[in-house]
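Please consult the sequence and the structure below before reading on.

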Amino acid sequence: MKVEKLLHMAGGAGDCSYAANSKIQEKAILKVKPILEEAIVELHKNRHPEKMVVADLGCSSGPNTFLVLTEVMKIIGRQCRQLVLQPPEMQFFLNDLPGNDFNNIFQLLDSLEESMRADNNISSVPHFVAGLPGSFYGRLFPSQSVHFFHSSKSLHWISQVPEGLESNGNYVYLNKGNIYIGKTSPPLVVKFYQDQFKRDFSLFLKLRFNELVPGGQMVLAFSGRKKSDIYNGELSTIWGLVSESLNSMVLEGLVKEETFDSFNPPFYAPSMEEAKAVVDEQGLFEIKDIQMFESNWDPYDDSDEDVVSDNIKTGENYAMCIRSVLEPMIANHFGAAIVDELFSRFAMNVANHLLKENTKLSILALRLKKKEQILFTKV
């Protein structure tokens, strides 16, 4: 899988688009909002920059794209009003892979600007917005040019499918019957995924360290794993249900078994300990905060109940969320003809699963500050 060309959410603004089905991602951004505010307040208070550069990595498309942008401006606007300071000029970069629906973002900008003019905390803050296509596993900015990086629900996407899942290139698939780490995945498959995450996250930290100004900060939130058992992680459960749906179609002759076994999307959900170990090993950032949040699968269910009130509706709602994320990859690998049937089966599998367990989504959030005593590192 050529990740940079094929990894993108479902574009447009239709019923199955990411823009219309990204409330789970919106909830993740809102849960991390207090951490974001602490980072921006401290950064502005310590530096008082005349110009401030902020980048949102993995911004995707739709209304969520502007949540962080507007929140940062509100925080800066409030603080400058309280301290009677001139607000800095804000330069925002919205970054994602080239296949992202940047047209959707640009079309929403006019209405965004109109709504922001009505907010006193925002209207006083001069700002400029630009799109920036490219992988965050490569350099994106000049050295020491960015004050703050934000990324939400993106860093669980690794840079590539781990090498070795196709044994020796002879079409012997090590992870048969799974599209991620499942209960039948060999330990070697687990190692391949873990090693790829460590390499990618380590590279990400080095790159951002070089691009941040002294004392610059990052707030990162991505799918994590609360359970210590990697075979029983939350993401393993979700992708296990997708695997079950695909496998049922294999048994009925609707999908070829080899096509199923060769499908390994590039994602990994680390535990808090795994992510912290990479940060500590690099030694480039101080961990100012690290937390694990939980939310329900159903984006419209905010209850804390142990039992789902309507498992069928939850299955349908969650299937739409996952479809908006996976559809481009599914269509590319299996063909667009199976998409409707696959996610219909997935919705029912989710509904049946929720009769046994109200599984949660785990979101790992980190606030990192660049260590100023570290020598500049070339990557």
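What does the accessible surface of the protein chain come to, and what share of that surface belongs to carbon and sulfur atoms? In this predicted model, the accessible surface is about 16,500 Å², and carbon and sulfur atoms hold 50% of that area. The points below describe the chain as a whole and then turn to its salt bridges.

**Overall architecture**

- The protein chain contains 12 helices and nine strands.
- The chain has 379 residues, of which 56% count as buried.
- Among contacts with a separation of 6 or more, 84% are between residues 24 or more positions apart.

**Salt bridge between Glu42 and Lys369**

- The model has 19 salt bridges, one of which pairs Glu42 with Lys369 at 3.5 Å between the closest N and O atoms.
- This pair links distant parts of the chain, with Glu42 in helix α3 (residues 33-47) and Lys369 in strand β9 (residues 360-370).
- The two partners, Glu42 and Lys369, are 327 residues apart, and both are buried.

**Salt bridge between Arg225 and Glu274**

- Arg225 forms a salt bridge with Glu274, and the closest N and O atoms are 3.1 Å apart.
- Here too the pair links distant parts of the chain: Arg225 lies in the loop between β7 (212-223) and α8 (234-251), while Glu274 belongs to helix α10 (residues 272-282).

**Network of shared partners**

- Salt bridges that share partners join six residues into one network, namely Glu38, Glu42, Glu286, Lys288, Arg367 and Lys369.
- The pair Glu42 and Lys369, described above as a salt bridge, belongs to this network.

**Salt bridge between Lys176 and Glu257**

- The side chains of Lys176 and Glu257 meet in a salt bridge, with an N to O distance of 3.4 Å.
- Lys176 is located in the loop between β6 (172-173) and α7 (187-211), whereas Glu257 is in helix α9 (residues 257-261).
- These partners, Lys176 and Glu257, are 81 residues apart and link distant parts of the chain.
- Why does Lys176 count as partly exposed? Lys176 is assigned to this class because its relative accessibility is 45%, and the class lies between the cut-offs of 20% and 50%.
- Glu257 likewise counts as partly exposed, because its relative accessibility is 47%.

Note on methods
Residues are numbered from 1 along each chain as its sequence is written. This is a predicted model: local features need pLDDT of at least 70, side-chain atom pairs count only at pLDDT 80 or more; totals for chains, interfaces and linings use all residues. Side-chain values use heavy atoms; hydrogens and water are left out. A salt bridge is a side-chain nitrogen of Lys or Arg within 4 Å of a carboxyl oxygen of Asp or Glu. Helices (H or I, at least four residues) and strands (E, at least two) are DSSP runs, numbered from the N terminus. Buried means under 20% relative accessible area, exposed over 50%, partly exposed in between (1.4 Å probe, protein chains only). Contact means heavy atoms within 4.5 Å. Accessible areas come from the Shrake-Rupley method with a 1.4 Å probe; for residues, only the protein chains shown count as cover.
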